[in-house]
Amino acid sequence: MRKDKLYFLTFISISVIFLIIASLGVKYFIKVSANQLIEVQLESSKREANEIAKLISNQLVGGIEKNTVISNIQNTIENTHSGASFICVFNWSGKEVCHPDITKVGQKVNSNQLLLESLSEEDSSDKLYDLLMNRKKEKENDTIGMESEIVYIAPVKDSDLIVAAHANLNKISTQTRKLKTSFYTIFALMGGLIILSSFFAVRIIGSYYEKQLEQKNISLESELVNLSKLNTDLVAYQQKVVKDTNDEQSESESDFGKKRILTYLRNELIPISINKIAYIYTENTITYVICFDGKRTTSSNSLDDIYASLDTSIFFRANRQFIISITGIEKIIKYGNSQLKILVQDADVEILISKNKAAEFRQWLNI
């Protein structure tokens with residue numbers, strides 16, 4: 001139940017993060033794409049206006065009458081205002097002489113000079129969308145209800161005619177809406193795919209690590225069980241050794257191993273019964289014998305010589321430095337990688353048994 005809640009919160013978190021990023025990113029992408037689209041159309045309109053202006057100028061220079069030229073241009077551009085851009089021709093008085101919508105011919109040109117100046121700036125490419133869309137909103141509130149806006153003018157040389165390039169605001173607005181719809185659809189599909197993929201990836205990775213953790217827990221439980229068994233067997237073995245030691249008949253019949261070790265305390269010779277020895281260790285080439293009561297004496301023999309004379313059922317050579325008595329062990333704990341640590345009764349001593357010696361130690365305890 002807790003894992004399901006975690007997965008659910010992960011799903012919600014990824015969704016919220018994606019929605020925040022998408023809400024900020026999609027507006028930027030729409031604006032950049034719309035600017036590029038409008039810029040392409042604007043450049044196309046400018047080129048067309050310049051070509052028409054040059055064509056009119058050449059015809060007038062060639063001797064064709066002005067009215068004939070205007071009539072030909074009108075027949076050419078008639079009903080072309082349904083596209084994203086189109087051209088018209090007006091004279092210096094501002095009266096339309098050619099227009100795709102023939103009902104506009106003879107009317108005054110209604111254009112925004114500020115818009116023309118803004119669009120003629122070199123850095124206008126980054127604000128085309130805002131300029132035209134703001135103009136679109138202004139015209140929606142206008143009682144005249146015009147649908148287009150002049151974005152470029154090209155005067156005809158040696159004539160009172162001017163060719164104007166129009167941007168069809170309704171068409172551009174429709175293209176922008178389609179662009180928005182496409183972007184939102186793409187972001188929605190991409191978002192759904194990313195969120196679902198992330199959700200399943202989290203579940204798969206989480207399940208993998210849960211299995212790894214479960215295996216570690218099982219291994220740890222197994223080690224704890226083995227360690228518990230080791231300590232239980234230790235107690236049983238200690239009780240058995242104590243019982244055998246206190247059994248006078250067993251002691252008299254046993255001939256294996258020494259019953260005492262001859263030690264020194266300063267200049268005094270002191271025999272120590274093996275039953276009183278907790279552990280023996282060497283330090284700086286000196287061998288020390290430690291009893292359960294904390295008494296410490298020294299021996300002239302090395303650890304190897306002493307261990308060779310001891311009962312190996314009672315004493316164990318833990319490492320190069322220590323010999324430990326079975327009755328001196330207080331607790332066995334796990335240490336490091338498959339190593340064991342021996343705690344000695346009533347003594348601040350920790351004896352380490354290496355990985356290689358651990359198996360021998362378990363066998364010594366009859367495990």
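Visitor: What makes Lys341 and Glu350 a salt bridge?

Guide: This is a predicted model, so everything here is computed from it. The side chains of Lys341 and Glu350 come to 3.3 Å, N to O. The cut-off is a Lys or Arg side-chain nitrogen within 4 Å of a carboxyl oxygen of Asp or Glu, so the pair qualifies.

Visitor: And Lys341, buried or exposed?

Guide: Lys341 has 12% relative accessibility. Buried means under 20%, so Lys341 counts as buried.

Visitor: How many salt bridges are there by this rule?

Guide: The count is five. Another one of them links Lys357 and Glu360, at 3.7 Å, N to O. Those two both sit in helix H8, three residues apart, about one turn of the helix.

Visitor: What makes Lys357 partly exposed?

Guide: The relative accessible area of Lys357 is 22%.

Visitor: Which salt bridge do Lys46 and Glu43 form?

Guide: Their side chains meet at 3.9 Å, N to O, which is within the 4 Å limit. Lys46 and Glu43 are three residues apart in helix H1 (residues 2–61), so about one helical turn separates them. Glu43 has a relative accessible area of 40%, and it therefore counts as partly exposed.

Visitor: Back to H8. How do you know that its buried residues line one face of the helix?

Guide: Ala358, Phe361 and Trp364 are the buried ones in H8 (residues 355–364). Looking down the axis of H8, the buried residues fall within an arc of 120°, so they share one face. On the other side, Asn356, Ala359 and Gln363 are exposed.

Visitor: What does H8 pack on?

Guide: A sheet of three strands, open and antiparallel, in the order S12-S13-S14. Its edge strands are S12 (329–335) and S14 (350–353), each pairing on one side only. From one strand to the next the twist averages 25°. H8 touches S12, S13 and S14, and its direction makes about 60° with that of S13.

Visitor: How do you know that S12 and S13 pair?

Guide: Pairing takes at least two bridges, and S12 and S13 (residues 339–344) have six, in the antiparallel sense, so they pass. In one of these bridges, Ile333 has Lys341 as its partner in S13.

Visitor: Which residues have the most contacts inside the largest nonpolar core?

Guide: Tyr279, Ile280, Ile329, Ile332 and Phe361, in a core of 38 residues. Strand S7 (residues 277–283) gives the most to this core, with five residues. There is also a second, separate core of 22 residues, with Ile52, Val97, Cys98 and Val151 among them. In soluble globular proteins, nonpolar side chains tend to be buried together.

Visitor: What is Phe361 in contact with?

Guide: Setting aside neighbours within four places in sequence, Phe361 is in contact with Leu230, Phe316, Ile329, Ile332, Leu340, Ile342 and Ile353.

Visitor: Why is strand S4 called largely enclosed?

Guide: Eight of the eight residues of S4 (residues 161–168) are buried, so the rest of the structure largely encloses it. Both faces are covered: Leu161, Val163, Ala165 and Ala167 are on one side, and Ile162, Ala164, His166 and Asn168 are on the other. In a regular strand, side chains alternate between the two faces of the sheet.

Visitor: Which strands are joined to S4 by bridges?

Guide: S1 (residues 85–91) is joined to S4 by seven bridges, running antiparallel. S3 (residues 148–155) is likewise antiparallel to S4, with seven bridges. With at least two bridges as the requirement, both count as paired with S4. Ile162 in S4 is the bridge partner of Phe90 and also of Pro155.

Visitor: What lies between the strands in the hairpin of S3 and S4?

Guide: Five residues, and in this hairpin Asp158 takes a positive phi near 60°.

Visitor: One more: what makes Ser273 partly exposed?

Guide: Ser273 has 22% relative accessibility. Ser273 lies in strand S6 (residues 268–273). Beyond its neighbours within four places in sequence, Ser273 is in contact with Lys259 and Arg260. Ile261 is twelve residues from Ser273 in sequence and 6.4 Å away in space, C-alpha to C-alpha.

Key. Residues are numbered from 1 along each chain as its sequence is written. This is a predicted model: local features need pLDDT of at least 70, side-chain atom pairs count only at pLDDT 80 or more; totals for chains, interfaces and linings use all residues. Side-chain values use heavy atoms; hydrogens and water are left out. Buried means under 20% relative accessible area, exposed over 50%, partly exposed in between (1.4 Å probe, protein chains only). Helices (H or I, at least four residues) and strands (E, at least two) are DSSP runs, numbered from the N terminus. The arc is that of the directions from the helix axis to the C-beta atoms. Axes are lines fitted to C-alpha atoms, for helices over the stretch in contact, and angles run from 0 to 180 degrees between N-to-C directions. Contact means heavy atoms within 4.5 Å. A nonpolar core is a set of buried Ala, Val, Leu, Ile, Met, Phe, Trp, Tyr and Cys residues joined through side-chain atoms within 4.5 Å.
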